[in-house]
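Student: I have a protein model open and would like to learn how to read it. Could you walk me through it?

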Amino acid sequence: MTQTLPETSPTGAAVRTVDAVVIGAGFSGMYMLHRLRQQGLTVQVFELADGVGGTWHWNRYPGARCDVRSMEYSYSFDPDLEQEWQWSEKYPTQPEILRYANHVADRYDLRRDIQFETRVESTVWDDEAERWTVRTDRGEVLSAKFVVHASGCLSIYKTPEIPGLESFSGPWYHTARWPREGVDFSGQRVGIIGTGSSAIQSIPVIAAQAADLTVFQRTPNFAVPAHNHEFPPGYQEEMKAHYPEFRQDARTSMLGIPHPPAEKGALEDDPEARRRRYEKAWHDKDNTLVDLMAAYTDMLTDKEANDTAAEFVRERIREIVKDPETAEALCPKDYPIGTKRICVHTDYYETYNRDNVHLVDLRKTPLVEITRDGVRTTEQEFRFDALVLATGFDAQTGALTSMDIRGRAGLQLKEHWDEGPRSYLGIAVANFPNMFIITGPQSPSVLSNMMVSIEQHVEWVSDAIQYVQEHDLRTIEATPEAEESWVEHNAEVGNSTLFPTANSWYMGSNVEGKPRVFMPYIGGVGPYRERCDEVAAKDYEGFVLAG
Ligand code: NAP
């Protein structure tokens, strides 16, 4: 199907021509804009929110912080930026990260090319003009040579699939759309649905404020202690003195977080030695969320090895939580540790020792409906003044499949991804020329320090665009063969691990009707980068370049 570009938009305004449209002004979109502008392109960024920051703009729930250490969850592209910005603690809070995002936007004068409070409704490839037609909810129409989707892996939030939310008479809040002015739960009876990362961070904070908090848990999660702390004097200066080496280690590491490689399998150590390793990963105040799983080579490939770490965490839960029945309900038992995203907590398990906190195990008494007064399970109705939904996202593909994206001959991306995402390197899709995805499915993305993966993708994509421009080419497009072989490779690597045994959002299993496919690339950040660099060095092997 060919769509001829109209000369005016539906509002009568002229169709605006730019070199590139970037969708999203989170950390991906901001850096993409900066790079493309440096290359002399005209760029229009569209952002739904009224400010920059992406996920950190929206997720303002109590206790929200990053679970990657601040000094590595930051841009590395400008040594002056990384030297001048001062982080205050090990894990940065949402307000601190948002301040950083705003600082970056100001420092590089990004806002003049970002249009906020605008939803991109469609991006349609015009086969004749060989350009993208981009339409927004404000009635604007743009013609762009390139489109970069920087709309995030966790941006389409979901509410629980049970009836009645609209009948609840009190206020309800989704963790991913928290009111900017905050919420005061003092004196209130609060119910929270979900026990993923967002809930695990917010539950201790809400419990400390509310009169009463009831947690509705369907699947317990493994959480390791954050040991968050303010930086001791001199720490930041010392880190900054070695930033280049540290950043390089992150880029070549498996997860974008430097970590010495494990030397042996878990069962090769005797139980006492193994325990010492796990204890260190658990108690070390400078630990990270990868330490436990990175202790041995086979934690994510051998169930028996994995069980040793899972049991170690269950023992800690039983130690911390005083009521044995609650402790047992909080112990994950039906999926290997690490195959659902490990959470990082501050006083999460301890919170269940408070008199005003109650756990409802939905495995025993499932949710039936949300009522006018609260929540009904198969056992009873609970009455609440306010409800919190920490029920997650249509992850990795949601932002892309919810937009009308059409490539050659009108092919819809949603249709192309009917049986799961298909991409080349998680960056490009066959039949969608001049379209790039930052941290798309089938790239390390959510299995890595996002900042490292974002920078790698933005730099790779801007280099590819520069190549097209410098060689006077019209299009760059992944071949169906390259896409097919990347999809196969992705599945092969994913299926060699324990990940597919869990019902996780990595697998799409948290969204009804979504194909059950392991979506992120587990081959490692360093090896993946090498592959991408090799593709570029071979004049974009696996792409057709036309001009
Ligand atoms: P999530 O991990 O998907 O957790 C959603 C929770 O809601 C799960 O416990 C899920 O149970 C439950 N749930 C969903 N629908 C339900 C229903 N109908 N009935 C009962 N329970 C229901 O979402 P999230 O906590 O927002 O976290 C998503 C991801 O965002 C994280 O994994 C992480 O990657 C990222 N994140 C990071 C940070 C950080 O940096 N610290 C913080 C927050 C989030 P089931 O497990 O049974 O489906």
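Student: Among contacts between residues at least 6 apart in sequence, what percentage join residues at least 24 apart?

Tutor: Contacts can be sorted by how far apart the partners sit in sequence, and here 72% of those contacts join residues at least 24 apart. Keep in mind as we go that this is a predicted model.

Student: Which secondary structure elements does the protein have, and how many?

Tutor: The protein has 16 helices and 20 strands. Its radius of gyration is 24 Å, close to the 24 Å from the globule rule for 547 residues, so the protein is as compact as a globular protein of that length. Along the principal axes, the C-alpha atoms fill a box of roughly 70 × 55 × 45 Å.

Student: How much of the protein is buried?

Tutor: Buried means under 20% relative accessible area. Buried residues make up 60% of the 547 residues. The accessible surface comes to about 21,900 Å², and carbon and sulfur atoms account for 48% of that surface.

Student: And the charges: how many are positive and negative, and how far apart are their mean positions?

Tutor: There are 55 positive and 84 negative charges, and their mean positions are 3 Å apart.

Student: Now for a loop residue. Where does Asp50 lie?

Tutor: Asp50 lies in the loop between β2 (43–46) and α2 (55–58). With a relative accessible area of 40%, Asp50 is partly exposed. Not counting residues up to four places away in sequence, Asp50 touches His57, Phe116, Glu117 and Arg180. Asp50 and Ser169, by comparison, are 119 residues apart in sequence and 29 Å apart in space, C-alpha to C-alpha.

Student: Glu117 is one of the residues that Asp50 touches. What is the phi of Glu117?

Tutor: The general idea comes first: most residues other than glycine have a negative phi. Glu117 has a positive phi of about 50°, although it is not a glycine. You will find Glu117 in the loop between β3 (114–115) and β4 (120–126).

Student: Is Glu117 buried or exposed?

Tutor: Glu117 counts as exposed, at 53% relative accessibility; the cut-off for exposed is over 50%.

Student: What about Leu425: where is it, and what is its phi?

Tutor: Leu425 sits in the loop between α13 (413–416) and β18 (435–437). Its phi is near 65°, a positive value in a residue other than glycine.

Student: Buried or exposed, for Leu425?

Tutor: Leu425 counts as buried, at 0% relative accessibility.

Conventions. Residues are numbered from 1 along each chain as its sequence is written. This is a predicted model: local features need pLDDT of at least 70, side-chain atom pairs count only at pLDDT 80 or more; totals for chains, interfaces and linings use all residues. Side-chain values use heavy atoms; hydrogens and water are left out. Helices (H or I, at least four residues) and strands (E, at least two) are DSSP runs, numbered from the N terminus. The radius of gyration is taken over C-alpha atoms; the globule rule is 2.2 Å times the number of residues to the power 0.38. Buried means under 20% relative accessible area, exposed over 50%, partly exposed in between (1.4 Å probe, protein chains only). Contact means heavy atoms within 4.5 Å. Accessible areas come from the Shrake-Rupley method with a 1.4 Å probe; for residues, only the protein chains shown count as cover. Lys and Arg count as positive and Asp and Glu as negative; His and the chain ends are not counted. The place of a charge is taken as NZ of Lys, CZ of Arg, CG of Asp or CD of Glu.
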